[in-house]
Amino acid sequence: MTNPLKQGSTIGILGGGQLGRMLAIAASKLGFKTHIYEPGKNPPASQVANKVTTAAYEDTNALIMFANEVDVITFEFENIPETALNTLETTREVLPARNALATSQDRITEKKFLEKLGLKVAPYANINTQTDLLSALATVGAPSIMKTRRFGYDGKGQVRLKEVDDGYTAWEELGKTPCVLEGLIDFRKEVSVIGARNQSGEVVCFDPGENIHKNGILHTTNVPADITSSQRMDAVLLTGKILNALDYVGVMGIELFVTAEELLINEIAPRVHNSGHWTQNGCVIDQFEQHIRAISGWHLGDGKRHSNVLMTNLIGAEVLEVDTLSKDTSIGIHLYGKEIVKPGRKMGHINKILANN
Ligand code: AMP
């Protein structure tokens with residue numbers, strides 16, 4: 001293991017949204033300082049960080065100055081422009097490393113990587129040209145989902161096809177950019193595993209959580225997931241396999257479809273994950289602290305769950321119910337300090353403790 005970061009060292013975080021904010025809080029708890037790099041003004045993380053750089057990812061000088069002022073760099077989102085990474089990496093280590101970002105930024109690269117590990121994904125076909133589109137429609141068919149290869153999040157950048165005839169309109173709607181056509185999986189459940197790996201290869205996974213989405217956005221995560229013990233074991237083992245294959249350092253979220261027969265991987269996210277927020281009230285060491293420990297050269301904490309938890313995102317005006325929610329003494333409230341309430345905007349989340357184990 002590389003030497004653990006000294007107390008008082010500064011962790012640079014790319015992205016100042018709620019994930020960056022919760023990472024900064026965790027870092028502060030462990031005695032570290034944080035410096036946020038974010039193009040938008042007054043991001044949620046700026047309220048809890050020691051320093052903020054407000055600059056674009058194309059601003060080479062700002063990136064170099066930022067990299068010089070921090071001891072290690074991490075990020076809260078995976079779509080960091082490659083040129084920015086090139087610049088940052090000449091000065092400071094970025095963790096998780098480049099290979100994990102490159103794998104997860106592109107849906108086709110990600111699926112090929114997972115298949116090479118012997119893991120299962122939904123049937124898919126690559127679409128770059130109109131000829132590809134026709135052959136994808138012939139092999140994958142419908143019902144299916146067309147997704148842009150890059151830059152999709154929270155259900156954005158994807159269109160559902162009821163029939164093969166919807167194919168061309170769907171591709172047009174997505175701007176005729178490179179896409180993947182995925183067969184629609186008739187899943188029983190969606191679950192996710194949050195796993196962590198540190199610099200000496202220790203791996204710790206949190207218990208799988210069961211996710212419900214509304215309008216393409218995560219609504220709730222319920223832990224423990226209602227799956228069999230062998231499915232739970234398989235989900236955790238495949239997470240370890242992915243982390244080891246990437247020689248990964250940090251926390252990763254892995255989304256899975258549970259069908260009657262098998263576990264299929266929907267996607268991997270090389271960062272702390274919304275479906276891991278339950279760990280803040282369900283475990284002694286949560287996903288944010290685990291990530292900071294991993295990238296700082298520390299040992300990982302125990303991932304054991306001490307409580308059953310239902311995490312619910314507060315989207316848009318739901319955040320205005322906080323007064324009522326606070327009357328329930330078994331609810332942990334986590335707000336992101338966003339001033340403007342907008343429909344569909346993640347404003348906070350709550351963790352309701354259902355039972356202690
Ligand atoms: P994604 O952005 O790929 O995570 O997709 C967002 C949500 O759409 C997932 O959480 C699923 O609920 C649904 N979804 C995505 N891909 C598929 C698929 N191949 N089959 C069925 N549902 C899917």
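Close-up A. A backbone N or O atom of I185 sits 2.8 Å from a nitrogen atom of the ligand. A polar contact here is a pair of N or O atoms within 3.5 Å; within protein, one must be able to donate a hydrogen and the other to accept it, and residues adjacent in sequence count only if both atoms are side-chain atoms.

A word on the model: it is predicted, so local features need pLDDT of at least 70 and side-chain atom pairs count only at pLDDT 80 or more, while totals for chains, interfaces and linings use all residues. Residues are numbered from 1 along each chain as its sequence is written, and side-chain values use heavy atoms, with hydrogens and water left out.

**Close-up B. The shell around the ligand.** Of the 16 residues around the ligand, K147, Q158, E182, I185 and E190 come nearest; a residue is near if one of its heavy atoms lies within 4 Å of the molecule. Strand 6 (144-148), strand 7 (158-161), strand 8 (179-183), strand 13 (250-258) and strand 14 (263-269) each give two or more residues to this shell. Strands (E, at least two residues) and helices (H or I, at least four) are DSSP runs, numbered from the N terminus. The shell has five nonpolar, four polar and seven charged residues. Why does the ligand lie between domain 2 (123-183) and domain 3 (189-356)? Both domains give residues to the shell around it; their bounds come from an automatic or database domain assignment.

**Close-up C. The second largest pocket.** Among the residues lining this pocket are R21, M22, F288 and H334. Helix 1 (18-29) gives the largest share of the lining, five residues, and strand 16 (331-335) supplies at least two. Domain 1 (10-94) and domain 3 (189-356) each provide at least three lining residues.

**Close-up D. Two cis peptide bonds.** One joins L95 and P96, with omega about -5 degrees; P96 is in the loop between helix 3 (82-91) and helix 4 (98-105). Another joins A142 and P143, with omega about 5 degrees, and P143 has its place in the loop between helix 6 (130-139) and strand 6.

**Close-up E. A positive phi at N42.** Look for N42 in the loop between strand 2 (33-37) and strand 3 (51-53). Its phi is near 45 degrees, a positive value in a residue other than glycine.

Key:
1 Å grid on protein atoms, 1.4 Å probe; cavity = no way out; pocket = protein on both sides within 12 Å on 5 of 7 lines; lining within 4 Å. Nonpolar A, V, L, I, M, F, W, Y, C, P; charged D, E, K, R; others polar.
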